[in-house]
Amino acid sequence: MRDGKVVIVIGDRMGKGLHVAAGIEEAGGIAIHIPGLAADLKLGDVMVQESADLGLSFCGSGGAGALMAENKYGMKSTHHLRSIDAGITALKKGSQVLGFGFIDNKELGRRVTEELIALKKKEQENDLKE
Amino acid sequence: MEILKVLQKKLDLNENDLPEFEEVLQEVKGITEKYHIQFSENAELVFYAHIISLILRLKSKEVLNGKFDDCQKEIESSVISIAEKIVTYICKRYNSEMDKAEVLLIAIHIQAALLNRE
C-alpha cells in the first residue's frame, strides 16, 4: 500500500498493458506499468522494488511472468488464467501474482483493483478485531 | 530432463504426456545450443514452460489474442530466425500452421537471454 492505495505492477510480454493500468487508476489503485518487450519477465523484480501488493503478468501462455516471480521470490502465483473471473478467484485465494493470456482492457484492471481493495479492507478489519 | 519434472509440478502436467514433451524439449534444446543461447536458471524454466504451453495451444487449436507486428522491429532478425526454426519444428510435429505471433513470443525469450548475457 502507498498513501492508502494498493500498488499493482503490470508486466506484458509485448510491453502493452496500458489499458489495464488505466482501469487500475480509475478504481483507485496505483498502477506501475513496466515498459518494453519481455516486461513480464521483470515482474517479480519490479514488485519487490516497489513493494507492490499485486502483480499482473500477460503473455501467450499466461505463465512466464508469474512462474518467474514464483521461482525467484517465492511469490504465490496463479498462471494460465484465461478470464477476469478466473483472476478474481485466484486473487481471493491469496495469489500475489496473476498470469493471464493477452488481455489488455480497463475492465480487468478495474475489477482486480476493486477486489484487492475489498480484500485489504477485510484484512484491516480483522486486524482491528484481534 | 530434470526441468520437465519441475514443470510437471508447476504446470500440473499429465504424467502420460511427459515422454512427448521431453522429445520436443530435447529437440528445442538442441536448436538453442546450436546457436549458443544460454538461459539463466529462471529464464530456462519459463522458456520451456512457454514451449509446453505452445504445444498445448496447438493441440487445443487456441489462437493468440492481439496483433504484434509493431513489436517485430525491436527484435534482431537473427533471433527471429532461430525462433522460426523452433516454431517450424513444433508446428510440423503437430500439423499446425506457423503463427507469426508465436515466433515473436519465442524470439523475445531468446532476445532477453542474449541481453542478460551481455
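Guide: On one side of the contact are A:L43, A:G44, A:M47 and A:V48 of α2(A), and they meet A:G65, A:M68, A:A69, A:K72 and A:Y73 of α3(A). Sorted by class, the residues of this contact are 6 nonpolar, 2 polar and 1 charged. The model is a predicted one.

Two packed helices are described by the angle between their axes and the distance between the axes. Here the helices are α2 (residues 43-50) and α3 (residues 64-73) of chain A, and they pack at an angle of about 60 degrees with their axes 8 Å apart. α2(A) is therefore oblique to α3(A).

α2(A) packs on it and touches β1, β2, β3 and β5 of chain A. The direction of α2(A) makes about 160 degrees with that of β1(A). α3(A) lies across β1, β3, β4 and β5 of chain A, and runs at about 165 degrees to β4(A).

The sheet itself is open and has 5 strands, in the order β2-β1-β3-β5-β4 (chain A), with parallel pairing. At its edges stand β2 (30-33) and β4 (77-81) of chain A; each has a single partner strand, so one side of each is left without a neighbour in the sheet. From one strand to the next, the twist averages 15 degrees. One of the pairings joins β1(A) to strand β3 (residues 54-58) of chain A, through 5 bridges, and these two strands run parallel. Within β3(A), A:L56 is the bridge partner of A:I10.

A:V9 is found in strand β1 (residues 7-12) of chain A. Why is A:V9 called buried? A residue counts as buried if 20 or more other C-beta atoms lie within 10 Å of its own, and A:V9 has 31. Leaving aside neighbours within four places in sequence, the contacts of A:V9 include A:L43, A:V46, A:M47 and A:E50. Also among them are A:I32, A:I34, A:A52 and A:G55.

A:N105 makes a contrast. This residue is found in the loop between β5 (97-100) and α5 (106-129) of chain A. A:N105 has 12 other C-beta atoms within 10 Å, and the cut-off for exposed is 12 or fewer, so A:N105 is exposed. Not counting residues up to four places away in sequence, A:N105 touches A:H19 and A:V20. The C-alpha atoms of A:N105 and A:G23 are separated by 7.4 Å, although the two residues are 82 residues apart along the chain.

Now for the chain as a whole. Chain A has 5 helices and 5 strands, and read along the sequence they follow the pattern β-α-β-α-β-α-β-α-β-α. Of its 130 residues, 55% count as buried. Residues 24 or more positions apart account for 59% of the contacts in chain A with a separation of 6 or more. The C-alpha trace of chain A spans about 45 × 30 × 25 Å along its principal axes. A compact globule of 130 residues would have a radius of gyration near 14 Å, and the 13 Å of chain A agrees with this.

Key. Residues are numbered from 1 along each chain as its sequence is written. Chains are lettered from A and ligands numbered from 1 in the order in which they are written. This is a predicted model: local features need pLDDT of at least 70, side-chain atom pairs count only at pLDDT 80 or more; totals for chains, interfaces and linings use all residues. Helices (H or I, at least four residues) and strands (E, at least two) are DSSP runs, numbered from the N terminus. The radius of gyration is taken over C-alpha atoms; the globule rule is 2.2 Å times the number of residues to the power 0.38. Two residues are in contact if their C-beta atoms, placed from the backbone, lie within 7 Å. Axes are lines fitted to C-alpha atoms, for helices over the stretch in contact, and angles run from 0 to 180 degrees between N-to-C directions. Angles under 35 degrees count as roughly parallel, over 145 as roughly antiparallel, 65 to 115 as roughly perpendicular and the rest as oblique. Ala, Val, Leu, Ile, Met, Phe, Trp, Tyr, Cys and Pro count as nonpolar, Asp, Glu, Lys and Arg as charged, and the others, Gly among them, as polar. Two strands pair if DSSP finds at least two bridges between them.
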